[in-house]
Amino acid sequence: MKASICTLGCRVNQYESDAISESLQAKGFTVVPYGEESDVVIINTCTVTGESDRKSRQLIRRAACAAPDAAIIVTGCFAQVAPDAAASLGADAVVGNGDKGQIPDIAYALVQGGCFEGAVSDIQTAAYDNLRINAPRRARSYIKIEDGCENRCAYCIIPAARGRVRSKPAARVIEEASVIASTGCCEVILTGIETGSYGRDLENMDLETLLEQVDCVPGIRRIALGSLDPTVLRPSFVERAAALTNLLPHFHLSVQSGCTQTLNRMRRRYTAEKVLENMARAREKIPGLTFSADMIAGFPGETEADFLETVAFCKKAEFLHVHIFPYSVRKGTEAAGMPDQIAPAEKRRRSTYLANVQKEVQAGILDRYIDAHRIRPVYVLAEKWEQGITSGHTEHFVPCEIPTERDCTGQILSVYPVGKDDCTLKGKI
C-alpha cells in the first residue's frame, strides 16, 4: 500500500502531515512523494485567505482527476470549514482538524474497499489531538505544542477552523523532545496556531515555563519558537527567556501593520508604539536578538498615510525578514464586509514598495552582522548539503552557505561570515 501527502499552509499543518506520515508507515503504508502513483492521496488544506481556498479546491480537483483509482482524503482547515465543498470536488473522505489522528485507519479502510461515512466533528469542543513525531525527517524538527486561537482578528477565519486554545501537556512535549533528541536532531521549533497562548488552558503552565523545561532536555541544543503575538514579549517572558541556555535569539512576530489605526481596525490588541517598546526591551535583555515579522499591505481602509506609517515602522523595527502579504478577502470574516476595500493593483504596489524598503533594511543589518562576527564566529545548523555547499541558518536565523568537503547535515558548525549574496551569508569554517 502506498500513500502520498500534499500540504498547504502553516508550520502546524506541516507538523501534522509529518505525524500522519509516521502513523501511516506504522499502519503498513509506504509514503511516497506527492505526485507519484499511490493508493491513497491525502491533501492537508489551508483556508487562511481566499487564495488559500482557491489552491485547496484546485488541488482536490487535480488529485481526483489525476488519480481516479486512488482514495482521496481531504483534511485541514478548508475541510473543517467547508466539508461539503471538499466532498463535492471528489474527496472520498473529508476529515476535520479534530480527527486527523484517525486518518491512517480511514486510509487503510478505504484501500481495503470500505467507505467513510463519518462527519466532520465540532472543532469547538475537540480535545487536544494525539499526533506526535518520533523520527524527524529534517535537521530541525517541529513540535506542535498548541492548537486553536481565540483572538478573533477581523481578517481571520482560523478560530472557526481550529477552535479554542488547547495546549499539549508539558510532559508530552518533553517526552517528544527527548525522543527527537535521541535520533540526533538537536534543534526543535515549538509551534502552534497561537503559540503565545500555550498553557492558557492548563494549570500552573505558560510558554516560558515550558521553555525552561525543554531547555533542560539532554541533546536539545537549539530551541526556536513559532510565530508570536507581540504582546508575548512582556517583561516576565523576556527576563526568563534571557536566562535560558538553548533558546535561539530570534523571534518571529505576527505584527500585521505598523499603523495603530490599521491595527485597531484589524482588532489587534496592541499599538505600533507598544510593539517597538516590547522589541527594545527584549533586545536590551537578549544580546544579538533579531526579529522577523508578518505584514499585511492594503487592509480595508488603509490610507496612503497609514501605509507610510507601516513603512516607517519597519525601518525603525529593523526586522531581519518581513513576510509581506497583500490583503486577501476571506469570506466569513468581518474584514470582508468592511468599506474602503483597496484595489488589487494598489495592494500589489504597496507590497512591492514595502519589500524594496525591507531589502535595504536587511542589507544594512547583514553588513553590520558580518562586521560584528569577523573574529567571533556564528553557529550554523547544517540543514542541506548539495554540490559541495552546506546551507543552514545561524543562531540568529540568518541563512548561510559554506563550502564543505563532506555532508555535515545535522551538525552545528562554527562559521566566520566573509560576505553575502542578497540575503544569504557566505561563510567559511
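Predicted model: local features only at pLDDT ≥ 70, side-chain atom pairs only at ≥ 80, totals over all residues.
Residues are numbered from 1 along each chain as its sequence is written, and side-chain values use heavy atoms, with hydrogens and water left out.

**Stop 1: a serine in a helix**

Select S21, which sits in helix α1, residues 11-26. Helices (H or I, at least four residues) and strands (E, at least two) are DSSP runs, numbered from the N terminus. Is S21 buried or exposed? S21 is buried, with a relative accessible area of 3%. Here buried means under 20% relative accessible area, exposed over 50%, and partly exposed in between, using a 1.4 Å probe and protein chains only. Now show I5 and V31: leaving aside neighbours within four places in sequence, S21 is in contact with both. Contact means heavy atoms within 4.5 Å.

**Stop 2: an enclosed helix**

Next, select helix α8, residues 207-214. Six of its eight residues are buried, so α8 is largely enclosed by the rest of the structure. The buried ones are L207, E208, T209, L210, L211 and V214.

**Stop 3: the barrel**

Colour the strands β13, β14, β15, β17 and β16: in the order β13-β14-β15-β17-β16 they form a closed barrel of five strands, with mixed pairing. Neighbouring strands of this sheet are turned by 50° against each other on average, direction ignored. Two strands pair if DSSP finds at least two bridges between them. Zoom in on β13 (residues 378-386) and β16 (residues 412-421), which run antiparallel and are joined by four bridges. Within this part, V378 stands opposite V415 in β16.

**Stop 4**

Select C10, V48, S227, D294 and F325. Of the 49 residues lining the largest pocket, these are the closest to its centre. The volume of the largest pocket is about 1500 Å³. A pocket is an open set of points on a 1 Å grid over the protein atoms alone, where a 1.4 Å probe fits, with protein on both sides within 12 Å along at least five of seven lines; lining residues have an atom within 4 Å of a point. Grid points are joined across faces, edges and corners, and a volume is the space filled by probe spheres set on the points. Which strand gives the most to this lining? Strand β12 (residues 321-326) does, with five residues.

For the second largest pocket, with about 370 Å³ of space, select G288, L289, T290, Y369 and H396, which lie nearest its centre among 19 lining residues. Helix α13 returns here, giving the most to the lining with four residues.

**Stop 5: two loop residues**

Finish with D340, in the loop between β12 and α13. D340 has a positive phi of about 60° although it is not a glycine, and at 57% relative accessibility it counts as exposed. Then find F397 in the loop between β14 (389-393) and β15 (399-403). F397 also has a positive phi, of about 65°, without being a glycine, and is partly exposed at 22% relative accessible area.

How values were computed:
Axes fitted to C-alpha atoms, helices over the stretch in contact; angles between N-to-C directions.
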